[in-house]
Amino acid sequence: IWGQAIVGVGDVVSSTGGTAGAFALHPNVPNPFNPKTEIRFDLRASGAARLAVFTAEGRLVRTLVEGRLAAGGHVVPWNGRDDDGREVASGTYVLRLVAGNDAATRKVVLAK
């Protein structure tokens, strides 16, 4: 649906070899973070997936992943920057992972 997976410049989506069949958005490490954090998630099946960062008010800040991913575990770094490469302000942000009929959200805190 969304084509190839995309991530920010210099970022890598890597597989952790997690077990297919489970869907989860795990706590980011570290949290709070400064200047970067790692976001781990598991997909129950291969297919289109989107991981994005939003403000607490719901404004899109950064799309970290959008594309077709394999089932299993994945790790995506976030460097505290928006889609235009600007540093975002300290505060609470919301991660939103959507894959097929599955969706999850989790709060993350950037503390400068």
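Which residues do ring pairs link into a cluster? They are F33, W78 and Y93.

A word on the basis. This is a predicted model, where local features need pLDDT of at least 70, side-chain atom pairs count only at pLDDT 80 or more, and totals for chains, interfaces and linings use all residues. Residues are numbered from 1 along each chain as its sequence is written, and side-chain values use heavy atoms, with hydrogens and water left out.

Now the pairs. Rings of Phe, Tyr and Trp (its six-membered ring) pair if their centres lie within 6.5 Å. Planes under 30 degrees apart are stacked, over 60 edge-to-face, and the rest tilted. Searching the whole structure gives 2 aromatic pairs.

Take F33 and W78. Their centres sit 5.4 Å apart, with 55 degrees between the planes, and the pair is tilted. F33 lies in the loop between β2 (24-25) and β3 (37-43), while W78 is in strand β6 (residues 72-78). That pair links distant parts of the chain, 45 residues apart. Strands here are DSSP runs of E, at least two residues, numbered from the N terminus.

Next, W78 and Y93. This pair is edge-to-face, because the planes stand at 75 degrees, with ring centres 5.8 Å apart.

Buried or exposed, what are F33 and W78? Both are buried, meaning under 20% relative accessible area with a 1.4 Å probe, protein chains only (exposed is over 50%, partly exposed in between). Y93 is buried too, like W78.

Last, P77, also in strand β6. Why does P77 count as buried? Because its relative accessibility is 18%. Its C-alpha atom is 8.2 Å from that of L64, 13 residues apart along the chain.

How values were computed
Helices (H or I, at least four residues) and strands (E, at least two) are DSSP runs, numbered from the N terminus.
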